[in-house]
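The sequence and coordinates come first.

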Amino acid sequence: MQRLKIMLLTGLFTFALLIVWSPTQAQQDKSNRPSPPQQVTGTVDGVNITIDYSSPGVKNRTIFGGLESFGKVWRAGANEATWIEVSDDVKINGEVLPKGKYAFFIIPRENQDWTIIFNSKWDQWGAYNYDESLDVLRVDVKPSQIKHTERLEYTIAKNGKVSMNWSTTSVPFKISAK
């Protein structure tokens, strides 16, 4: 009888561990998300640059002016806010951005320049708690049309050109050493 109780308690304990452990493990494996995590790194003028983002697909949707509304702050990816880190002070299209790690947001606009935003609260979910008072730098940039790109991607070229490319839109900006 004592042995049966021990077996039952062991079984219940194991079952409880599986219930608690499985969802936690599934949440930590971000590679299974519909918008998987991506990271791109590069070096420009001796400055190390890292961009960390989740990469959604177009999936036959209208992206800008549809899924992502014109005139609203967008997390520039999916899931957690996209972040960018620079190892030294840099200039973004000629404007100074201090060394550090920043949430990277974009405000898309119809038939106008778009605004890219570097916000000091880099560790946040989406743009739901975006606080403009924490912006370190805002720069207006001119988007361009590109060949269809199914998955959102960032590129960092050695000449300092950084681009966010998704659907048929590219949002480029220039990073240079300060």
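How many bridges join strand β3 to strand β6, and in which direction do the two run? Four bridges link β3 (residues 83–86) with β6 (residues 100–107), and these strands run antiparallel. Within this pair, V86 stands opposite G100 in β6.

The model is predicted: local features need pLDDT of at least 70, side-chain atom pairs count only at pLDDT 80 or more, and totals for chains, interfaces and linings use all residues. Residues are numbered from 1 along each chain as its sequence is written, and side-chain values use heavy atoms, with hydrogens and water left out.

**Fold and sheets**

The protein chain holds one helix and ten strands, in the sequence pattern α-β-β-β-β-β-β-β-β-β-β. Helices (H or I, at least four residues) and strands (E, at least two) are DSSP runs numbered from the N terminus. Two strands pair if DSSP finds at least two bridges between them.

| β1-β2-β3-β6-β7-β8 | antiparallel | 20° |

Strand β4 (residues 90–92) is joined to β10 by three bridges and runs antiparallel to β10. The bridge partner of V90 in β10 is A177.

**Packing and surface**

Of the 178 residues in the chain, 39% are buried (under 20% relative accessible area, with exposed over 50% and partly exposed in between; 1.4 Å probe, protein chains only). A nonpolar core is a set of buried Ala, Val, Leu, Ile, Met, Phe, Trp, Tyr and Cys residues joined through side-chain atoms within 4.5 Å. The largest such core has 34 residues, and I92, I116 and F118 have the most contacts inside it. Strand β10 (residues 161–177) supplies the largest share of this core, six residues. Another core, of six residues, lies apart from it and includes A81, F105, I117 and Y130.

Leaving out residues up to four places away in sequence, I92 touches L97, I116, F118, L137, V139, F173, K174 and I175. A contact means heavy atoms within 4.5 Å. Among contacts in the chain with a separation of 6 or more, 55% are between residues 24 or more positions apart.

Terms used: Axes fitted to C-alpha atoms, helices over the stretch in contact; angles between N-to-C directions.
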